[in-house]
Amino acid sequence: VLPQTTLAVNNSGKHYAVLLACSLHEDISVSVDASFMNGNNHLSSDSIPIPVVTVVIVVLWAALAVFWVGNWIYVRQRSKLHTAITLFLGIKICATAFLAFEWYTLKNAGEVPHTQDVLYSLVRIVEMTSFLSVLML
């Protein structure tokens, strides 16, 4: 049984760990628990609140959509601008919800499947295209 070793590194920069096993027939198991901090003790990238923020934004966009659609039904005037903005609002809610899902997947699994990454890129393209279309009206 190999001894357990703890190494604390408080300096910023690149650090390397070299593990050697002298015996050809002996397996070694290694577990690493690391916390990566940015300079000046800022939060590490795994502690940023982006998943929570995106869920809050989805809720806010959904509340705005309820009022917007309610106004649309109440006034019963459907102009092209109103239709374009309603479409953009729906696309924005879907894109932000997908971003929240992407962050939760990344936080829980540690990586995002390639197909999900490609799908998110397509959603962002649709979102930006609709945004520019609304701006050009």
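Me: What is a salt bridge?
Reply: A salt bridge is a side-chain nitrogen of Lys or Arg within 4 Å of a carboxyl oxygen of Asp or Glu. Side chains of opposite charge can pair when their charged atoms come close. Note that this model is predicted. In it, E127 forms a salt bridge with K92, and their closest N and O atoms are 2.7 Å apart. The pair links distant parts of the chain. E127 sits in helix α3 and K92 in helix α2, 35 residues apart.

Me: How many salt bridges does the structure hold?
Reply: Two. E127 also pairs with R124, with the closest N and O atoms 2.9 Å apart. E127 and R124 are three residues apart in helix α3, so about one helical turn separates them. Together, K92, R124 and E127 are linked in a network of salt bridges.

Me: Is E127 buried or exposed?
Reply: Buried means under 20% relative accessible area. E127 is at 2%, so it counts as buried. K92 is buried too, at 19%. R124 is partly exposed, at 33%.

Me: Where is G90 found?
Reply: In helix α2, residues 80-109. G90 is partly exposed, with a relative accessible area of 31%.

Me: Which residues form the nonpolar patch on the surface?
Reply: V52, V55, V56, V59, L60 and Y104, with about 510 Å² of accessible area together. Helix α1, residues 50-75, gives the most, with five residues. V59 is found in helix α1. V59 is exposed, at 52% relative accessible area.

Note on methods. Residues numbered from 1 in each chain as written. Predicted model: local features only at pLDDT ≥ 70, side-chain atom pairs only at ≥ 80, totals over all residues. Heavy atoms only, no water. Patch = residues over 30% accessible without salt bridge, like charges linked within 9 Å, V, L, I, M, F, W, Y side chains within 5 Å. Areas by Shrake-Rupley, 256 points an atom, 1.4 Å probe, with all protein chains shown as cover. Helix = DSSP H or I, 4+ residues; strand = E, 2+ residues; numbered from the N terminus. Buried < 20%, exposed > 50% of the residue type's maximum accessible area, 1.4 Å probe, protein only.
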